[in-house]
Amino acid sequence: PTTVGPQCLIEWDKVNDPKVTRYQLTVTNQENPAEKTVLIIPAETTKLPCKDAGANHEGLWGVTVQSCYDTSACSSPTEVTHMYITAK
């Protein structure tokens, strides 16, 4: 996993598909999988502070992104990206 500080950003590439209206971002505490945040992000946005995404304390976190369409259908999630947030 990548080690990051508490002020980190989660960023992803914009999908080159005009039908994509939003992204679904899932952030999971890898040490406590019950601590999970699922966010719906407008398609214009491709980065979010870790704290705003739910990764708000030190530990190992996993992030996936899905592209979603008007019909509520979403693509398969990306591979899990792991990051370790340090306190400093």
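**Cysteine links**

Guide: With a torsion of -135° about the S-S bond, the link of Cys 8 and Cys 50 is left-handed. Quick heads-up: this is a predicted model, where local features need pLDDT of at least 70 and side-chain atom pairs count only at pLDDT 80 or more, while totals for chains, interfaces and linings use all residues. Residues are numbered from 1 along each chain as its sequence is written, and side-chain values use heavy atoms, with hydrogens and water left out.

Visitor: How many disulfides are there in the whole structure?

Guide: A disulfide here is a pair of cysteine sulfur atoms within 2.5 Å. Cys 8 and Cys 50 make one, with S to S at 1.8 Å, and Cys 68 and Cys 74 make another, at 2.1 Å. Searching the whole structure gives 2.

Visitor: How many residues apart are Cys 8 and Cys 50?

Guide: Strands are DSSP runs (E, at least two residues), numbered from the N terminus. Cys 8 sits in the loop between strand E1 (2–4) and strand E2 (9–11). Cys 50 is in the loop between strand E5 (47–49) and strand E6 (59–69), so the pair links distant parts of the chain, 42 residues apart.

Visitor: Is Cys 74 buried, partly exposed or exposed?

Guide: Buried means under 20% relative accessible area, exposed over 50%, and partly exposed in between (1.4 Å probe, protein chains only). Cys 74 has 32%, so Cys 74 is partly exposed.

Visitor: Which hand does the disulfide of Cys 68 and Cys 74 have?

Guide: Look at the torsion about the S-S bond, which is about 100°. That's why this disulfide is right-handed.

Methods: Helices (H or I, at least four residues) and strands (E, at least two) are DSSP runs, numbered from the N terminus.
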